[in-house]
Each structure stands twice: as C-alpha cells, then as structure tokens.
Amino acid sequence: MIQLIAFWLFAVMVIASAAMVIFARNPVHSVMWLILAFFNAAGLMLLAGAEFIAMLLVIVYVGAVAVLFLFVVMMLNIDFAELRAGFVRYLPLGALVAIILAAELVVAVFAWSAGQIDLASRVAPMTADKSNIQQIGELLYTRYIFLFEAAGIILLVAMIGAIVLTHRQRGGVRTQNIAAQVRRRSEEATRLVDPGVGQGVEL
Amino acid sequence: MTDFFISLGMSYEWAWGVATICGILLIALPLMLAVAMIIYADRKIWAAMALRRGPNVVGPFGLLQSFADGLKVFLQETIIPSGANRGLFLIAPIITFTVALLAWAVIPFNSGAVLADINVGLLYILAISSLGVYGVILSGWSSNSKYPFFSALRASAQMISYEVSIGFILIGVVLYAGSFNLNAIIEAQRGHGFGIVNAFGFNLLLFPLAVMFLISALAETARAPFDLTEAESELVAGYQTEYSSMSFALFWLGEYANVLLMCALNAILFWGGWLPPLNIDLIPWFDIPGIVWLFAKIFAFFFIFSWVKATVPRYRYDQLMRLGWKIFLPISLIWIFLISGWLMLTRYS
C-alpha cells in the first residue's frame, strides 16, 4: 500500500516534471524541473531496491551535473524571439528524432510483453542476504574489472583532453607562492639603514 | 515505534505512517529549539572572545534572545524585489531549510534510535548535502541583483569543491568501518584504540582525515573563515541580501541546522558518536544515555566552530580554492591509498 502510493507519486512526478522541462518558458525553470525529474527517478530506483544507484543518481546528476547545467543556463542571455524563429527550420529534424524515440518505445513495449528477458538474473543473481553496494562491488571488481578500468581510463583521457584544450599559458601573471611567503623571515624582509644627511636610500 | 502504534490497534500501514510522522516531529522540533539555542551560544561565545557581553537583555542571561529575534522577523513584511523571479525567489529559502532538516533522518542518536536506519546512510547525507547548493544558487539568481548573484556563484563553486574532498575523506572512514550505515560506523569505533578508546580520531591513520573533515565542514557550511558567500565587506550579505522576514529566517535556521549537522557528522564519523569516549566501565560511563554523549560531542565541535569564527580572519577566494583542490584533494586521495594498503596488510591479507 505504502509502496504503491510512493510509486504513483514518484512516477507521476517524473513524467510531469519531464514534461515541464519542455514546456517551461524560462530555461532556468526547465533545469529546475529536470532536477525534480532526476530526484523522483531516484525515488523510483529506491522502490526497486537499488538504493546505491539511487544515491549515486542524486549525488552525481543532481549534485554535480545539474549544477553545471544551471550555471551555464543562468549565464545565458536568451532571446526568445530568436529561439522561436528557428522552430520551422528545425521541425523536420525534431520530428525525425521524436518518431525514432516513439518507435523504440513501441518496440520495447512489445518486446517486454512477448516475455521477460531474464538476463539480469542470469549474469548477476540478486541475493537478499547481501547489500546492494556489496553486490555491485563484487561484480564490478571481478567480472567487469576491465570494463570498469577502461571506463576510468576514458574519463581520465577526457579530463586531460579538456584541460589541454582549454588551458592557455598567459604571460605576465604574477602568481602567489604561499610557501615562499610563509618561509620569509623579518631579517630578510626588512633592512635597517642610517643614511647620512643629503644621501638617499638605494632600494 | 511502529509496534507501539500497532498495539494500539492500528493496521500496519497506518501505524507506520503515524510512527514516521512522530519520529520526524521528534527530530525536527528539538532541532529547531537546538538551533535557536545554538545561535544564542554562538553569539555568547563570540562576544566572550571579543571581551563583550553578548545578548543579555531578553530573558535570564539573554537566553530568550533567539526567540525574540524569531518573533521580530516573523512580524516583518516579506519584500519581493520587483525584478525578482517570484516563484524561485520564494522557493529558494524553503529548499535550503528543508534540505538542512532532511539529512537528520539518518543521524543515530543512540543505538537503534534512528529515523531511517538505511544501508547507504553516509551516501544519503552526501546526496542531501549536495542539494543544499540549489537554495543558494537559486536565491542568488532569482534576486536579480548583482551581489547575490556573485555570492551564489562563489557559494556553488565552494560547496562543490569541498564536497569532493569530503567524499574522499568519508571513503577513508567507510573503508575502516566496512559500512555506509552510520550506526555500524559508530559500532566499529567501539574499543578501536587498543580496546580502550571509542574513536577513530585517535587512530594515527585517520586523525589527519578528522582534521581535514573539520576544516572541510567549515567550508561546506560557509562558516568563518570560509564565509566568502556573505563577505560583508564585498557582497553586503551575499545571497541573502534581498531577503527579509521569514524567508530570511529560513536561511538563517537552515544554515545553523547545517552547522549542527556537520558537528554531528564530525562526532559520529571520527569521535565515537553516541559511545562514551572510553570503553572502560570504571566510572558508570555506560549508564549515561548515548544521546547525552552525542550532544556533548556536538556542542564541543560547535564550540570549535565558534572559536574559529571569533579568531580566524576570512580567507581570500583563490586561497580557498587552492586549499580545496591543491591541498585537501591530493592529500585525501593519497590517504585512501594509505588506508586501503594498511587494511589489505592487516585486515584482509
């Protein structure tokens, strides 16, 4: 009963907020609806018993990715008239993408009604006595270790690539060397001089 | 508690619902009271360190000062700037406040005294605290004003940066405890130091993490010396500049609830949570309820927070980023290697 109420709550909220992402006029509002959709999707995953994935979804997507979205969107100065001007031009492409997605959905529904694929239970049978994290960890670090490490290496390459592409050496920047500042003692920083009358001090 | 309501003759669903609501109220209401008193304590400690008296007019020793302030802001008018984005402007403080309360759901007050005893308690706290940044960004953006916007950008960059190092520090603790559940983490600390001391903090491998976590907690809650989001000299009051009345009070309450949460996390992760400090029953340690120990530890950490606020000058923004990315992140990464290596040698070999 409680699960059912929770399921309908999360499911309706996911679909409603996903629709609002598209319908909202203001792009910042769109991002906020997107965040709500992520959040409710995490709720659905909790109901499915995948608490670890749900938490990761919130930490990674809501906590980091969506913040970057919001950052970029907040800085944009969007001209709505210009946006609407492109509507007819992009309509064929948009319609094509929509048709492909709809077709895939239909295929998925038919495939599912034809009979469940017990792929999940064959590769990694869920056992009730172990927690989610342990099960994922045991699979990830044994059977899928190469894929896991490959994913890590790809991310590393992407990160280095992004840094190399965007980093530029700017000349004439005076950076602060904190270690040197802390090392500095009053003996080397100050100098006592006693200049004679009419003589200056050389710095 | 569900069993109690079932014994009153309710069905399981109703009993569960009523028990959960009672649990939420049992945490949220005392928390609000604690926040009011901790604001008073903060001002008193700050005043004492500056050789002032602090609040001393309302009630005995000024104890009711926070309530007077609360009443004052409650009676004020809520002003919404004309260029503000109305909906988001009003939602932002609510998000901040709600998120600050949400994380308390997994904090154990005694053995078994948790609202939600979930497997992924620590991840839940990370997830919820990563939501806190939205209240700040939204308030800054929707105010349609320069200072709040700058403050929001600063705050979000700061919180995301320090969440990274906090995440790595937490992994160190989780490796030692072998669980994400906060109660299991506390139980893992029982007799951790030579069977005598109930704390991870006395472990030489974990002590540096405890120090880094304390500093990161200061940065994560934007307390002094990392309170660049509301640096008065540069940004008036940061993201709260345009807020008044209850919407301002919600920010205020949320901020202090977050500070208390970070103090509680310090106590739970490194200093034994609701366990007494020593595992020896010479004096009747264990007769004192765990909640007293936890509150004492939380207050000790809050005193450190106030102490730092009263004594340390504010960081510059680039120094803050340097500390987070160039010092804490590498050290916490190396520490994960060290800890997992040590555990492989001693525990899992």
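Patches are made of residues with over 30% relative accessible area and no salt bridge, with like charges joined within 9 Å and nonpolar side chains (Val, Leu, Ile, Met, Phe, Trp, Tyr) within 5 Å. This is a predicted model, in which local features need pLDDT of at least 70 and side-chain atom pairs count only at pLDDT 80 or more, while totals for chains, interfaces and linings use all residues. Residues are numbered from 1 along each chain as its sequence is written, chains are lettered from A and ligands numbered from 1 in the order in which they are written, and side-chain values use heavy atoms, with hydrogens and water left out.

**Exercise 1.** Find which residues make the nonpolar surface patch of about 490 Å², and which helix gives the largest share of the patch.

*Solution.* Begin with the members, which are A:Leu4, A:Phe7, A:Trp8, A:Val12 and A:Leu47; accessible areas here come from the Shrake-Rupley method with a 1.4 Å probe, and for residues only the protein chains shown count as cover. Next, turn to helix H1 of chain A (residues 2-23), which supplies the largest share, 4 residues; helices (H or I, at least four residues) and strands (E, at least two) are DSSP runs, numbered from the N terminus. Finally, take A:Val12, which is found in helix H1 of chain A and counts as partly exposed because its relative accessibility is 48%; buried means under 20% relative accessible area, exposed over 50%, and partly exposed in between (1.4 Å probe, protein chains only).

**Exercise 2.** Describe the contact between chain B and chain A, and state which helix of chain B gives the largest share of its side.

*Solution.* Count the residues in contact (heavy atoms within 4.5 Å): there are 26 from chain B and 25 from chain A. Then consider the buried area, that is, the accessible area (1.4 Å probe) that two parts lose on being put together, summed over both; for chain B and chain A it is about 2,400 Å², with 80% of it on carbon and sulfur atoms. On the side of chain B that touches chain A, at least two residues each come from helix H2 (12-49), helix H5 (121-142), helix H6 (146-177) and helix H12 (317-346) of chain B, and H5(B) gives the largest share, 11 residues. As a last step, look for salt bridges (a side-chain nitrogen of Lys or Arg within 4 Å of a carboxyl oxygen of Asp or Glu), of which there are 0 between chain B and chain A.
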